[in-house]
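Subject: Structure handover and notes

Hi there,

Here is the structure I promised to pass on. Please have a look at it first, and then read my notes below.

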Amino acid sequence: APPAQAFRELLLKTLAKSPAPSSPAPSPPLTVLDRGLGAMHYSFHGPVVYVVVAAPSYPARAAAALIAEAREAVGVDAEGMRGLRPGELMRGKAGGVKKVVERYQDVTRVDKVSAVRAQTEQVKGQMEDNIRVALENQENIEQLADTTAGMRDEANEWNRTADTVNNNMWWKNMKWWFILLGALLVLIAVIVLSIVITKAIQAPSPV
């Protein structure tokens, strides 16, 4: 069944079990909870029943205040209601009652406890977001530190490799210098030896 019809049936069953009001004064609001439908808050005022249908989490004190303000917006006492025909009670009053209902749709505007609770949840959510961001930042910092350490190790390894290559190149260059120096010495020795031999051959023989 549609929710409106289901609530109507629930209300009729509830009223059938409720005793008739014996006082013209408004009765204290009562609440009926239905897990499948929600919460129904109602109050008798003479022959009239004021009903508020809301979510199960809607505060009962806010529903009671809504019923009281709606009753004030109607502005008819129990005696005045007895002579009214169906439909006459809300004639010219629907606009005022609608404004009351619209104002109570945001319970934080009319209920301080709900407002504080909503603010607490907001602060809690903000704190959770801040903690999550801090953890993400810490994770990013740790990743950056790991990356920096890795880059530092790579730089140290590159320096060691560069030193090794430089040493190898230095020894290789020295080897070629030794070879060139040895070849030069051999060439000089050959030249000197050639000159000595030539002079010895050209020298006159003794008579």
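First, a term for the sheet: two strands pair if DSSP finds at least two bridges between them. Helices (H or I, at least four residues) and strands (E, at least two) are DSSP runs, numbered from the N terminus.

A word on the source. This is a predicted model, in which local features need pLDDT of at least 70 and side-chain atom pairs count only at pLDDT 80 or more, while totals for chains, interfaces and linings use all residues. Residues are numbered from 1 along each chain as its sequence is written, and side-chain values use heavy atoms, with hydrogens and water left out.

**The sheet**

Three strands make an open sheet in the order E1-E2-E3, with antiparallel pairing. Strand E1 (30–34) and E3 are the edge strands; each has a single partner strand, so one side of each has no neighbour in the sheet. From one strand to the next, the twist averages 20 degrees (axes are lines fitted to C-alpha atoms, for helices over the stretch in contact, and angles run from 0 to 180 degrees between N-to-C directions). E1 and strand E2 (residues 38–45) run antiparallel and are joined by five bridges. Which residue in E2 is the bridge partner of leucine 33? Alanine 39 is the partner of leucine 33.

**The cores**

A nonpolar core here is a set of buried Ala, Val, Leu, Ile, Met, Phe, Trp, Tyr and Cys residues joined through side-chain atoms within 4.5 Å. Buried means under 20% relative accessible area, exposed over 50%, and partly exposed in between (1.4 Å probe, protein chains only). The largest core has 15 residues, of which Tyr50, Val52, Tyr58, Leu66 and Tyr104 touch the most other members. Strand E3 (48–54), helix H2 (60–74) and helix H4 (94–105) are the elements that give two or more residues to this core, and H2 gives the most, with six residues. There is also a second, separate core of seven residues, including Phe7, Leu10, Val32 and Met40.

Arginine 71 sits in helix H2. Apart from neighbours within four places in sequence, arginine 71 is in contact (heavy atoms within 4.5 Å) with Pro26, Ser43, His45 and Tyr50.

**Salt bridges**

By the rule above, there are four salt bridges. One of them links arginine 132 to aspartate 129 (2.9 Å, N to O). These two are three residues apart in helix H5 (residues 112–202), so about one helical turn separates them. Arginine 132 is partly exposed at 43% relative accessibility, and aspartate 129 is partly exposed at 32%. Arginine 132 also meets glutamate 136 in a salt bridge (3.9 Å, N to O), and that pair lies four residues apart in H5.

Glutamate 157 and arginine 160 form another salt bridge, with their closest N and O atoms 2.6 Å apart. They are three residues apart in H5, about one helical turn. Glutamate 157 is partly exposed at 41% relative accessibility, as is arginine 160 at 47%. Through shared partners, salt bridges join Asp129, Arg132 and Glu136 into one network.

Best wishes

How values were computed
Salt bridge = Lys/Arg side-chain N within 4 Å of Asp/Glu carboxyl O.
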